[in-house]
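Please find below some notes on this model. They take up contacts and the core, then salt bridges, then the pocket and cavities.

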Amino acid sequence: MTGLRWGILATGGIAGAFASDLRTAGLDLVAVGSRSQESADAFAARFDIPHAHASYEALVADPDVDIVYVSTPHPMHHENARLALENGKHVLAEKAFTLNRAEAEDLQALAAERGLLVMEAMWTRYLPHMVRIRELIADGALGVIRAVSADHTQLLPSDPAHRLNALELGGGALLDLGIYPVSFIWDILGAPTTIHAVGRLVETGADSEVATVMTHEGGAVSTSLSSSRAAGPNVASIIGTAARIDIDAVWYSPTTFRLVLPDGTVQESYTSEVDGRGMQFQALAAERLVRDGILEGDILPIAESVAIMGTLDEIRAQIGVRYPREEV
């Protein structure tokens with residue numbers, strides 16, 4: 001352990017889940033920052049946090065904080081993460097990492113310049129079942145991977161004023177939900193060589209459904225589906241010439257999977273045994289990287305997070321989604 005002292009920027013639902021998992025893992029949570037003292041105090045009392053700040057600026061200036069978890073909505077990630085980096089703090093920023101690739105590249109460059117870790121909080125990659133899946137792939141259990149598929153589909157609020165449907169707030173299914181299957185596909189198959197995307201836009205211009213078909217090095221194909229207006233199975237599959245892996249619902253959280261041979265024989269069944277939601281594993285990974293003086297992790301390097309934002313940019317271009325501040 002590095003003994004890193006964590007600060008949490010913002011006090012929404014995802015921040016609460018992360019704080020709870022930090023406590024589960026016994027990590028050092030010392031500060032929280034909100035836009036109001038009342039909210040910061042309530043969050044601090046809930047999780048027994050010694051320092052409660054009434055602004056993000058005060059949080060990142062706190063000398064007792066070493067690393068900041070940015071839990072604001074993704075349109076604010078660039079500004080908030082940049083603020084933390086400029087104040088000498090390591091950063092773990094929620095996904096989607098930023099609004100677009102240009103913002104991601106800026107954070108990558110600033111972190112490198114300051115000698116700091118900046119990391120995307122794609123917590124799924126660090127979960128034990130995903131670690132085991134990568135082990136099986138590395139051992140050749142699947143043979144040659146030919147196809148990957150995953151969906152992230154939820155029935156979410158349809159109110160046009162809701163953040164999820166407001167373009168000016170980065171609304172849409174892709175960056176809130178689609179980031180999960182797209183990042184998963186990158187994890188298994190690497191960068192796409194071709195991208196084909198279709199989508200449905202709602203009255204605000206935000207995307208409510210997005211489907212992708214991508215090809216990858218060696219000819220493998222991938223498919224993804226995201227929707228904010230309907231709940232689907234939320235499962236994933238990795239199909240190889242020697243076997244396939246079927247990941248059960250909800251595939252991107254602690255769950256079960258099976259390694260299945262072509263004749264239907266189940267060669268391995270895996271059941272996750274995780275305390276809490278499972279967000280502590282990414283925090284532990286961040287601490288290990290800082291301890292070892294590494295600014296590019298092997299599970300999700302910042303360069304890959306930047307490239308994934310480029311993939312999301314291309315998908316948005318194909319379905320006709322552009323955020324207002326990108327017009328400037």
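1. Contact here means heavy atoms within 4.5 Å. The model is predicted, so local features need pLDDT of at least 70 and side-chain atom pairs count only at pLDDT 80 or more, while totals for chains, interfaces and linings use all residues. Residues are numbered from 1 along each chain as its sequence is written, and side-chain values use heavy atoms, with hydrogens and water left out.

2. Leaving aside residues up to four places away in sequence, Phe-184 touches Met-130, Val-148, Ser-149, Ala-150, Ala-236, Ile-238, Ile-247 and Trp-251. Phe-184 is also one of the residues that touch the most other members of the largest nonpolar core, along with Trp-6, Ile-8, Phe-18, Ile-238 and Ile-245; this core has 102 residues. Helix H7 is the greatest contributor to the core, with 10 residues. A nonpolar core is a set of buried Ala, Val, Leu, Ile, Met, Phe, Trp, Tyr and Cys residues joined through side-chain atoms within 4.5 Å. Buried means under 20% relative accessible area, exposed over 50%, and partly exposed in between (1.4 Å probe, protein chains only). Helices (H or I, at least four residues) and strands (E, at least two) are DSSP runs, numbered from the N terminus.

3. The count of salt bridges comes to 20, a salt bridge being a side-chain nitrogen of Lys or Arg within 4 Å of a carboxyl oxygen of Asp or Glu. Arg-132 and Glu-268 form one at 2.9 Å, N to O. Because Arg-132 lies in helix H6 (residues 128-138) and Glu-268 in strand E14 (residues 266-271), the pair ties together parts 136 residues apart in sequence. Arg-132 is partly exposed, at 22% relative accessibility.

4. Asp-176 and Arg-163 make another salt bridge, with their closest N and O atoms 3.2 Å apart. Asp-176 is in helix H7 (residues 173-189) and Arg-163 in the loop between strand E7 (145-153) and H7, so this pair joins parts 13 residues apart in sequence. Asp-176 is buried at 18% relative accessibility, whereas Arg-163 is partly exposed at 26%. A network of salt bridges links Arg-125, Arg-134, Asp-187 and Glu-304.

5. Which residues lie nearest the centre of the largest pocket? They are Ile-14, Ser-71, Pro-73, Arg-163 and Asp-176, out of 31 lining residues. The volume is about 730 Å³, and H7 supplies the largest share of the lining, 5 residues. By class, the lining has 14 nonpolar, 10 polar and 7 charged residues. On a 1 Å grid over the protein atoms alone, a pocket is an open set of points with protein on both sides within 12 Å along at least five of seven lines, a cavity is a set where a 1.4 Å probe fits but cannot get out, and lining residues have an atom within 4 Å of a point. Points are joined across faces, edges and corners, and a volume is the space filled by probe spheres set on them. Ala, Val, Leu, Ile, Met, Phe, Trp, Tyr, Cys and Pro count as nonpolar, Asp, Glu, Lys and Arg as charged, and the others, Gly among them, as polar.

6. There are 2 cavities of 30 Å³ or more. The largest cavity, of about 50 Å³, has a lining that includes Arg-125, Met-130, Phe-184, Asp-187 and Trp-251. H7 gives the most to this lining, with 4 residues.
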